[in-house]
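I opened a new notebook page for this chain. My plan was to go from the overall fold to single residues.

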Amino acid sequence: MIELREDRPVWRQVTEILRTRITEGVYRPGQRFPSEGDLIGEFDIGRSTARKVARHLREEGLIYTVPQIGSFVTRDDGAP
């Protein structure tokens with residue numbers, strides 16, 4: 001489990017960690033992005049926090065979601 005700091009909002013820290021993983025290629029374009037349940041388990045966060053993190057990554061254009069399928073990392077050009 002990753003240790004999060006208490007002096008910053010948890011959702012921001014998790015978002016930054018995942019953004020870094022995407023930009024460094026840990027999660028590659030077209031690859032399935034971890035589910036809410038995966039994020040909850042890895043970071044020990046609540047469901048609403050996991051949703052907020054995913055929403056911010058979608059707003060940044062780093063991931064996209066296919067209803068009832070899952071979320072995926074966008075291509076390098078930002079397209080699904």
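**Ground rules.** I am working on a predicted model, where local features need pLDDT of at least 70, side-chain atom pairs count only at pLDDT 80 or more, and totals for chains, interfaces and linings use all residues. Residues are numbered from 1 along each chain as its sequence is written, and side-chain values use heavy atoms, with hydrogens and water left out.

**Overall fold.** I counted 3 helices and 2 strands. Along the sequence they run α-α-α-β-β. The radius of gyration is 12 Å, close to the 12 Å from the globule rule for 80 residues, so the protein is as compact as a globular protein of that length. Here the radius is taken over C-alpha atoms, and the rule is 2.2 Å times the number of residues to the power 0.38. I also noted the C-alpha trace along its principal axes: about 35 × 25 × 20 Å.

Buried residues account for 31% of the 80. The protein exposes about 5,200 Å², of which carbon and sulfur atoms supply 47%. Those areas come from the Shrake-Rupley method with a 1.4 Å probe; for residues, only the protein chains shown count as cover. I found 13 positive and 13 negative side chains, with the centres of the two sets 5 Å apart. Lys and Arg count as positive, Asp and Glu as negative; His and the chain ends are not counted. Each charge is placed at NZ of Lys, CZ of Arg, CG of Asp or CD of Glu.

**Contacts.** I took contact as heavy atoms within 4.5 Å. Of the contacts between residues at least 6 apart in sequence, 51% join residues at least 24 apart.

**Helix α1.** I checked its length. At 1.5 Å a residue, the 14 residues of α1 (residues 10-23) should span 20 Å, and the end C-alpha atoms are 20 Å apart, which agrees. The expected span is 1.5 Å times one less than the number of residues. Which residues of α1 are buried? I listed Trp11, Gln13, Val14, Thr15, Leu18, Arg21 and Ile22. These buried residues pack against α2 (36-43), α3 (47-59), β1 (63-66) and β2 (70-73). Just after α1, Gly25 has a positive phi of about 90 degrees.

**Ile63.** This residue sits in strand β1. Ile63 is buried, at 3% relative accessible area. Beyond its neighbours within four places in sequence, its contacts include Ile22, Phe33, Ala54, Leu57 and Phe72. I then took C-alpha distances to Arg75. Ile63 is 12 residues from Arg75 along the chain and 8.8 Å away. Gly61 is 14 residues from Arg75 and 9.5 Å away. Gly61 itself is partly exposed, at 26% relative accessibility.

**Positive phi outside glycine.** I noted Asp44, with a positive phi of about 55 degrees although it is not a glycine. Asp44 lies in the loop between α2 and α3. Is Asp44 buried or exposed? Asp44 is exposed, at 58% relative accessible area. Its C-alpha is 8.6 Å from that of Ile2, 42 residues apart in sequence. Gln68 is another non-glycine with a positive phi, of about 65 degrees. Gln68 is in the loop between β1 and β2. Gln68 is exposed, with a relative accessible area of 87%.

How values were computed: Helix = DSSP H or I, 4+ residues; strand = E, 2+ residues; numbered from the N terminus. Buried < 20%, exposed > 50% of the residue type's maximum accessible area, 1.4 Å probe, protein only.
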